[in-house]
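Me: Please take a close look at a single part of this structure, the interface between the two chains. A connected account with the cut-offs stated would be appreciated.

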Amino acid sequence: MKLDAKIPSGPLKEKWEKYIADSKLVNPTNKRKYDIIVVGSGLAGGSAAATLAELGYRVKCICFHDSPRRAHSIAAQGGVNAAKNYQNDGDSVYRLFYDTVKGGDFRSREANVYRLAQVSSNIIDQCAAQGVPFAREYGGLLANRSFGGAQVSRTFYARGQTGQQLLLGAYSALSRQIGLGTVEMLPYTEMLDLVVVDGHAKGIITRNLVTGEIDRHAADAVVLATGGYGNVFNLSTYARNSNATAIWRAHKRGACFANPCYTQIHPTCIPVSGEYQSKLTLMSESLRNDGRIWVPKKVGDKRAPGDIPEDERDYYLERKYPSFGNLAPRDISSRAAKQVCDEGRGVGETGLGVYLDFEDAISRLGESVIRERYGNLFDIYKEITNENAYEVPMRIYPAVHYTMGGLWVDYGLMSNLPGLFVLGEANFSDHGANRLGASALMQGLADGYFVLPNTINNYLAGQLGNRPSTDHASFDEVEDEVKETINHFLNNKGKRSVSSFHKELGNLMWTYCGMGRTKEGLTKALELIPQLREEFWKNVNIPGEEGEWNQSLEKAGRVADFMELGELLCRDALTREESCGGHFREEHQTGDGEALRHDDEFASVFAWEYQGKGKTPLLNKESLEYENIQMATRNYK
Amino acid sequence: MKVKIKVWRQKNQESKGGFKVYDSPELNSNMSFLEMLDVINEDLTDQGEEPIAFDHDCREGICGTCSLVIDGKPHGPHQGVATCQTYMRSFEDGDIITVEPFRADPFPIIKDLVVNRKPFDKIIQAGGFVTVRTGSAPDANAIPISKEVADTAMDAAACIGCGACVAACKNASAMLFVGAKVSQLNGLPQGQAEKDNRVLNMVAAMDEAGFGNCTNQYECSAVCPKLITHDFISQLNRDFVAATVRKSFKSKPSTAKL
Ligand code: FES
């Protein structure tokens, strides 16, 4: 398949403007003749649904939660980047663009990232106007903080709950439209498949989680904003119900899946404490502004942190990356933590942890300043570990946090399936092989508020009257398949719970496709996953019934999809014979253990095309052309 | 450690529920309360019984999905945390722990411990927003807001919409929830234009959904996982009275939705 990113011609700075100027428009009276389905109500979905409705389209928004306010965007702590340069510290659209491309290890599209940086300022304006209580300075103007991978202060924040506040902003805009009757909101509704009619995405099949009812929805366009697929690892910082079902089913209906192996392992999470653990909790990266990361210099040093003298501590990030220090990007910091733990210098009971120490900051600034900046994070830490981080250093370890890969989209955020748009973490577009901190919120809102509403019209303009009826044969077919799967699960009466399978898959993924990946390990995973999958279909046990609330059944469908997606992830990781960003192949590293890219061969997007059950997927490549930035080895030293 | 849980089981909204008692397997005191339910559910599944349905998602105290009344207290024994942030170290070996759903008429039970909190969304739809079309906003620094005002707005905005306030109140009042949203938006310059309509419409939606009145017991703020203060209820009352008075001087009542 030829993947055409449809990037507008002309200078980088003018591309977005030119795109909008050249766009087809839908006239206002026609807009209300179009039905658009938005799946997901997080930052991307919520902002898109609200904005499309404001423009006059008829929108149906679905989410599996009880309320659109619950989406996992809500858990983002640290902040949102924008090139406002309010700090007068040398920031600009270009610098944000450059940092993001470099942070992504030169594996993202220049044009997309530039546009992201361009609209970043509008996001802050929009959210402030909605009443998002951003942090302020005493003069009443907006405050900023720094984040990893940048040397300017461009991150806007609302205490340690920025994601919550931005999401509630989008939710308020969405709620207003629901109240006005322009958005039909369907909570407790899970998308189980995509319906394609004559090669175009024209509808979805859903299950009502309360009644078990299976429904058909036809539309002129379908927008997926369903988040990332990090729960393929089972243990992660994702919400427990986050899943890949919508994007995976769309993939199986023809949408290419791009760069699945680009997964982000966040360096500052609370370490795993036991087998029973159900989720990992992030400690915001913003803590690295004031916390210093260290481990003992000596292998196996079991002394309490306070008993280890200064000269026996290794502040390894400051040592290895003096100019970025504790604010080195996420992939680099995570790998460095793994390295010191592999050397036997890790701390805590399991030895899988490093210290994040606030002692210096507290003596420099006083405890009250630290409390003001991070109080709620220290509280969370206390609740989980029963330790007081004002007195003893936090223990942290990397955990799966975000997925840069996702469905392939062109510049207009449309997948290779016409009519299917993909936003936010669910698409692959802007972060390359590694995402910088405070950029997920920026991208989700950019896509939903400012990009999609200016691109979807290009598709819709030619589609008036093409919306099929839900009686169309394609709906029959897809609905039958969905029902068949549900019946299989309920009648299987096997011996093992869904959760036990999810756990096993997660362990496998983390072992063979986690922070360090090898040809050998990945080949092994590609043998083991299909075996586990087979066992899953044969032996899974789903109690309960179809026509009612059934959490085991919900989970079974999601784990079934993870079982397939996990395999693709490993295949992608095996095929990408280089290291870049969050994808670290141990065979490909520099003398001092840094990621070694092979630009001649791999400066491209890998977009996998589904070929049918049991068949090897087809690899399509979109090559990445860098016209404005020179690809270089990332250097944070 | 091991505990027993006495838990509410109810097949669906229509059916009658009742308590059932289950023994936990051996637990680790660092487990979260929900992880304890997870392991009991694994056992139940293996025995062919239906697992206990309960709501949860983020498991870090921010999404507001988890609920549960634990030993009579919404969100369990500790102040200022949600159920998902409650750990087994707060209980003793051999404890019998009672686990019930949030109980309030406007929140019908869907199954076991899961309730439907849709009326909260309805209240927000009635006025919990600032009307600002995408793209129409002025520069964010064009409106300076004193740190104090911004901080108070943030205190109010911290609400996670879990509904514990309603579950704790004998009148099933939602005034803390509504007061927090009204105080956030009405306290900010951005929220001034719609101040009166906001409070009137949200209160009307609250009444319509069947939430009761506040009789100043403040059980709500005591159980709030975000420790939202009941001062916001006073603020709500003040805004409501002022708006009612101002409206009575206008020739025509403003329509609900702008
Ligand atoms: S599960 Fe999200 S607040 Fe408890």
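Reply: Across the interface of chain A and chain B, eight salt bridges are found, a salt bridge being a side-chain nitrogen of Lys or Arg within 4 Å of a carboxyl oxygen of Asp or Glu. One of the residue pairs that meet in a salt bridge is Arg159(A) with Asp155(B), at 2.9 Å from N to O. The model is predicted, so local features need pLDDT of at least 70 and side-chain atom pairs count only at pLDDT 80 or more, while totals for chains, interfaces and linings use all residues. Side-chain values use heavy atoms, without hydrogens and water; residues are numbered from 1 along each chain as its sequence is written, and chains are lettered from A in the order in which they are written.

Polar contacts link 45 residue pairs between chain A and chain B, both residues at pLDDT 80 or more. Such a contact is a pair of N or O atoms within 3.5 Å; within protein, one must be able to donate a hydrogen and the other to accept it, and residues adjacent in sequence count only if both atoms are side-chain atoms. On the side of chain A that touches chain B, the elements giving two or more residues include α3 (43-55), α5 (110-130), α6 (162-180) and α16 (551-575) of chain A; helices are DSSP runs of H or I with at least four residues, numbered from the N terminus. The most comes from α6(A), with ten residues.

In total, 75 residues of chain A are in contact (heavy atoms within 4.5 Å) with 76 residues of chain B. The area buried between the chains is about 6200 Å², with 50% from carbon and sulfur atoms; this is the accessible area (1.4 Å probe) that two parts lose on being put together, summed over both.
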